[in-house]
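Here are some exercises to work through with the model open beside you. Try each task before you read its solution.

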Amino acid sequence: MPKKRRKLDKNFERIIYSAKKRIELILAKIYDINDEDIQKEYMSAFGEVVNLFESLSGDYDEIGFNENSELLNKKFQDGIAKFESEYEI
């Protein structure tokens with residue numbers, strides 16, 4: 001049986017690309033922190049957001065746009081908003 005093609009969505013690809021750039025920017029800011037203890041604390045807290053992004057991106061890469069995509073995006077957006085509100089970057 002042939003493998004089912006992934007359903008692609010250009011708008012969702014833009015969302016994932018923007019999310020990836022946002023992750024990279026925040027990670028760069030965290031790496032610029034001189035105090036090692038504070039840097040570790042930020043990295044630990046931001047790890048959850050990175051995991052949410054990897055779930056979002058991985059699901060899209062494997063399956064494509066589906067009913068779960070919007071839910072994963074909402075979880076990621078909520079996670080990054082929570083991180084930014086609790087930690088000053």
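**An aromatic cluster**

Tyr42, Phe46, Phe83 and Tyr87 belong to one aromatic cluster. This is a predicted model, in which local features need pLDDT of at least 70 and side-chain atom pairs count only at pLDDT 80 or more, while totals for chains, interfaces and linings use all residues. Residues are numbered from 1 along each chain as its sequence is written, and side-chain values use heavy atoms, with hydrogens and water left out.

**Exercise 1.** Classify the ring pair of Tyr42 and Phe83.

*Solution.*
- Start with the rule: rings of Phe, Tyr and Trp (its six-membered ring) pair if their centres lie within 6.5 Å; planes under 30 degrees apart are stacked, over 60 edge-to-face, and the rest tilted.
- The whole structure holds seven aromatic pairs.
- For Tyr42 and Phe83, the centres are 6.3 Å apart and the planes stand at 90°, so this pair is edge-to-face.
- Tyr42 sits in helix α2 (residues 36-62) and Phe83 in helix α3 (residues 67-86), so the pair links parts of the chain 41 residues apart; helices here are DSSP runs of H or I, at least four residues, numbered from the N terminus.

**Exercise 2.** Is Phe83 buried or exposed?

*Solution.*
- Buried means under 20% relative accessible area, exposed over 50%, and partly exposed in between (1.4 Å probe, protein chains only).
- Phe83 has 3% relative accessibility, so Phe83 is buried.
- Its partner Tyr87 stacks with Phe83 at 5.0 Å centre to centre, with 20° between the planes.
- Tyr87 is buried at 17%, and Tyr42 is buried at 12%.

Key
Helix = DSSP H or I, 4+ residues; strand = E, 2+ residues; numbered from the N terminus.
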